Amino acid sequence: MKVVMTAIRVYPFHKYGGAEIYIYNLAKYLVREGIEVKMFTSKPEQGVENVVYDGIKYEFVSPHVPTDVKRSLISYHFFNINLARKLCKEDFDILHSFGMTAHNYLKKRKKISKVIVEPFGLYGTHEVKQNFAKKYLRKLLIEKPLEYCVKNADAIAVEGNIQAKEISEKFEVSEDKFIYIPDGVEIEFIEESIKKSELSREALGIGDADIILVNVNRLVKNKGVIYLIDALGILNKCLDVRLILIGSGPEENRIKMRLKELGIEQKVLHFKNVPDKKKFQLISLADISVTPTLFEGLPIVILEAMACGKPVIASNVTEVPQVVKHGVNGFLVPPRDPEAIANAVLEIYESGFIEKMGCESKKIARNYDWNAITERVIRDYKKVLEG
C-alpha cells in the first residue's frame, strides 16, 4: 500500500504545534508497519531539498505558507494549485489530506485512488466574532473549498464522535463516511525520558510550593493561557501555587503584562523551545496539568500530560471529554473561566486526588499509544480501498 499525505506544514521542517506533530507521528508509525508514505508539504522558510526523514519521503511544494493567518490563505490556495499538478502525476493507493489540501486535486482526479480528508478544525463550528467582510472571505476561501473536499472525498478522518457530528451537520454528509484517528502519544518514549531525568523541583527553585501547575502550548489566543494566568492570581491569594509554562508565541507579551498586573511574575517559570525529553521531564515535576483551550480537536498536550501521570483540568470543548473524564482523571471546566480553573485546582488539592487521578490518567493514555492507533488506521485504510 502506498499512502500520500498532504499538509501545508509538517514537523520538523516548519514552525509546529500539535497538528504538525500528529501528522508526522501518523506517517512515522505507518512506515514502521511497512506502509510506504510520501509527504507533500509547503516549502520551508529555509531552503530544504526533498528528503527522506524517519522513513518518510518529503517533497516540498511552492510557495511557503506562512503561519500568519492574514498572509497564509492566498499562499495556501497557490500551494493547492501546484500540489494538484504533482498529485496528478503521482501513483498512490490513498491520498490522506489535511485541511483543504485535496481541494484542487479532487476537481481534477481521474484515478481510482481513494481520498481521505481530515479537516483539522477548519470547519469552524466554534463562535468567532467577525465583520461581514471577514465572514465572506472565510466562506469563500475556507468553508466552500472545505465543503467541496468533505463532500467529494471517499472518507473523512476525525478525532472523535463530536467532530463527526459537527462536520456532518455543517456540511450535510453522512456519518457513515467517517473514520476515527485520535491523537496519540509515544508512551515508551515518555516513560524513558522521565526515568532518565535529572531535573528536580529544588533545582528549579520551586520545591517549597504548595501546588505546581503545568501548561504546554503555543502561546496564541485560542489556547486560552491568559485565563490560566488569571486563575493563578486567584489561587495565590490563599496558597503558594507555581506554574511551569512551556511554549512561545505572539501572546507572550500579553501574558507577561498580566503577570505583572497581578504581581505574580515570580510564580511562573517560562521555558521556550525545549526538546521533547526535557518537556516530559518538566511535566513530571508538576502536580496538575491545565489546558484552558478555547477551541480545537483533541490536544496532544493533554494526552502527553496524562501519559506523565498527571490529573488534567481542561476546557469542556470538542473532543477533550473523550480523554478527560470529569471527576475521574481531572475536571472539565467552561472556556474563559479563571474561577472554574482555580476551583478545580483547589478541589484536586484539598481532596487529595492528585495521585489517584494521575493513575487514572495513565490508564486512559495507554489506549492512545501510537502503536495501537496505527493498527486501527491500517484497518480503516483497507476498508476505504475496498469500499
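The legends below describe close-up views of a predicted model.

**View 1. Strand 1 and its two neighbours.** Strand 1 spans residues 2-7, and six of its six residues are buried. Lys2, Val4 and Thr6 point one way from the strand, while Val3, Met5 and Ala7 point the other way. Strand 1 pairs with strand 2 (residues 36-42) in the parallel sense, over six bridges. Within this pairing, Val37 of strand 2 is the bridge partner of Val3. Between the two strands the chain passes through helix 1 (residues 18-32), and this β-α-β crossover is right-handed. Strand 1 also pairs in the parallel sense with strand 5 (residues 94-98), here over four bridges. Met5 stands opposite His96 of strand 5.

**View 2. Helix 10 and its packing.** Helix 10 covers residues 276-285, and its buried residues include Lys279, Phe280, Gln281, Leu282, Ile283 and Leu285. The buried residues of helix 10 pack against several elements, among them helix 6 (187-195), strand 10 (241-246) and helix 11 (300-307). Strand 9 (211-216) and strand 11 (268-271) are also among these elements.

View 3. The structure holds 13 aromatic pairs. One of them joins Tyr58 and Phe60, with ring centres 6.4 Å apart and 20° between the planes, and is stacked. Tyr58 is buried, with a relative accessible area of 2%, and Phe60 is buried too, at 4%.

**View 4. Charged ends over tyrosine rings.** The charged end of Arg32 sits over the ring of Tyr29, 4.7 Å from the ring centre. The charged end of Lys107 sits over the ring of Tyr148, at 5.4 Å from its centre.

Note on methods. Residues are numbered from 1 along each chain as its sequence is written. This is a predicted model: local features need pLDDT of at least 70, side-chain atom pairs count only at pLDDT 80 or more; totals for chains, interfaces and linings use all residues. Side-chain values use heavy atoms; hydrogens and water are left out. Buried means under 20% relative accessible area, exposed over 50%, partly exposed in between (1.4 Å probe, protein chains only). Two strands pair if DSSP finds at least two bridges between them. A crossover is right-handed if, with the strands pointing away from the viewer, the path from the first strand over the helix to the second runs clockwise. Contact means heavy atoms within 4.5 Å. Rings of Phe, Tyr and Trp (its six-membered ring) pair if their centres lie within 6.5 Å; planes under 30 degrees apart count as stacked, over 60 as edge-to-face and the rest as tilted. A charge sits over a ring if NZ of Lys or CZ of Arg is within 6 Å of the ring centre and within 35 degrees of the ring normal.
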